[in-house]
Amino acid sequence: MSQSFYVITWTDVLVSFVLVAISLGLIRWWKIGLEKTLLIGTLRTFVQLAAMGYVLTFFFQQRHWLFMVTLVSLMILIAGFEGYRREKEFRIPHYFVIITGSLFFTVFIVLGIILKFILDVQPWYYPYAMIPIAGMIIGNALNSTTLTTNRFIGELQHRDQEIEMLLSLGAPARVAVQDSLRNAIRAALIPNINSLMMVGLVQLPGVMTGQILSGVDPLIAVRYQIMIMYMWITTVIIVDILVLAFVYRQFFTPRIQLRRHLLLKKYP
Amino acid sequence: MNKEPLFRLTSVSKSIGGKTLLDNISLQIEAGDFLSILGPSGAGKSTLLRLFNGLDSPTAGTIEYQGKPLFSYPMTGLRKRVGMVFQNPVMVRGTVRDNLLLTQRWEQPSTNLAEETLVSVLAQVDLSPAILDQDTKTISGGEKQRVALARVLLNKPEVLLLDEPTANLDPQLARRIVRLIHQLFKQLKLTIIMVSHDYSLLSKYTTRIAFLIGGRIVEEGAADILEQPSTETVKTFLAKGAI
């Protein structure tokens, strides 16, 4: 790592509170009435991120592969739980296991390739590389699975008659939902492909901005960003296909009947 | 020749969410029957029909097909033998040809259908070959229903399940479709199970009738029970006319 050009101190951070003070003044003047909420939000940002900083410092001091693998597993478990919680409108059997299992598989595959073959980090569990990259992969994968699962259920609701028509002609379940699977994965992929198209033209991505601010050569920052973009798209494709491969099966009985009751919302 | 009936339903019931839709139905259907299941809407007719090709399972009771439990057959194969046409003929996006070739999506490529096969199946349902490359969005409801029929016939079924196939058509077209179905029944030696609430349309063609009212078969027999029903429930139903 090259040396940081601008080291920001806690005093500097307190000075940046001036920006919030200006905002507070403005909303007071316009009687918008959110002063208290804004103040609490500002304080929470400070406390949560400061705490996170100390937690990360602690993690970064650890030098045992088992600790790192457990930590990443815990992150995946939390993400799996969050994904399951977001899907509470519908009752998809085994959804927690499906989403957590798919995240495990995807994260460790992608993470392994990056740490071992691209960055060639020594040791492979070097926390400065492993934790942030794992975090990015998990976060992206989680959002994408939520999007793709919701879209898939929407497709099934919309196409139930078509699916039963196909089943009645002798189609296997996989064929009967082929169009729904395709549309669901496309819906989750398109925003990611769009950002592959637009990156660098309108907005500098967050990781790159952060690296440049902390003094990294823009050409190195760019290389990181390119790798991250490829990592994102691969993660999304693997995890979405994996999740849907198991989710669609939940909507059919072993007798290849559409389980229509699963398409009804739990709380109408 | 196998003396087993084609279908044998024994004490079949179906309930969903505590509501009984079919109540203790026993019924035999012989090969070559044209059975009409008549009854008011909400009587459970479609629910019953969906059991014959395993789109739904009964909650209680057994269904046999050619002497063996229905669900002992591989479902995809069974559904080709027991074809179904729905009330609302769903078309997949694309042309009539795309819809006729749907089974190619999962059949071996070796079963590629020759153009003559498509033309002849269209002739069977009284459609001209010119319709093959039309977008299904541009064809009429009656044409869609016939394309749906042709699509099922390409599977060479032994049984045709028809769920109110004329419900959304005007009376003249409805009569034409029923006549067509009867022609297919004769020509292809099919067994037909047709659900309808409109008995006036069927009396000329059907060989057997079952009245399904309130989830129960209240009366069943040859076509002439339309003239002389023996139960009060059926008399009341018939007196109301086609609903």
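**Reading a two-chain model**

Reader: How much space lies in the second largest pocket?

Author: The second largest pocket holds about 480 Å³ of space. On a 1 Å grid over the protein atoms alone, a pocket is an open set of points where a 1.4 Å probe fits, with protein on both sides within 12 Å along at least five of seven lines. Its volume is the space filled by probe spheres set on the points, which are joined across faces, edges and corners. Lining residues have an atom within 4 Å of a point; there are 16 here, and those closest to the centre are Arg260(A), His261(A), Lys14(B), Ile16(B) and Asp56(B).

This is a predicted model, in which local features need pLDDT of at least 70 and side-chain atom pairs count only at pLDDT 80 or more, while totals for chains, interfaces and linings use all residues. Residues are numbered from 1 along each chain as its sequence is written, chains are lettered from A in the order in which they are written, and side-chain values use heavy atoms, without hydrogens and water.

Reader: Which element gives the largest share of that lining?

Author: Strand S1 (residues 7-16) of chain B does, with three residues. Strands (E, at least two residues) and helices (H or I, at least four) are DSSP runs, numbered from the N terminus.

Reader: Which backbone values deserve attention, and why?

Author: Most residues other than glycine have a negative phi, and most peptide bonds are trans. In this model, a cis peptide bond with omega about -10° joins Gln122(A) and Pro123(A). Pro123(A) sits in the loop between helix H4 (95-118) and helix H5 (127-168) of chain A. Ile256(A), in the segment after helix H9 (218-250) of chain A, has a positive phi near 55°. Ser11(B), which belongs to strand S1 of chain B, also has a positive phi, about 45°.

Reader: Is Ile256(A) buried or exposed?

Author: Buried means under 20% relative accessible area, exposed over 50%, and partly exposed in between (1.4 Å probe, protein chains only). Ile256(A) is buried at 17%, whereas Ser11(B) is partly exposed at 33%.

Reader: How many residues of each chain are in contact, and what area is buried?

Author: The size of an interface is often given as the accessible area lost when the parts come together. Ser168(A), Leu169(A) and Arg255(A) supply 33% of what chain A buries against chain B, more than any other three residues. By contact (heavy atoms within 4.5 Å), 17 residues of chain A meet 24 residues of chain B.

Terms used:
Buried area is the accessible area (1.4 Å probe) that two parts lose on being put together, summed over both.
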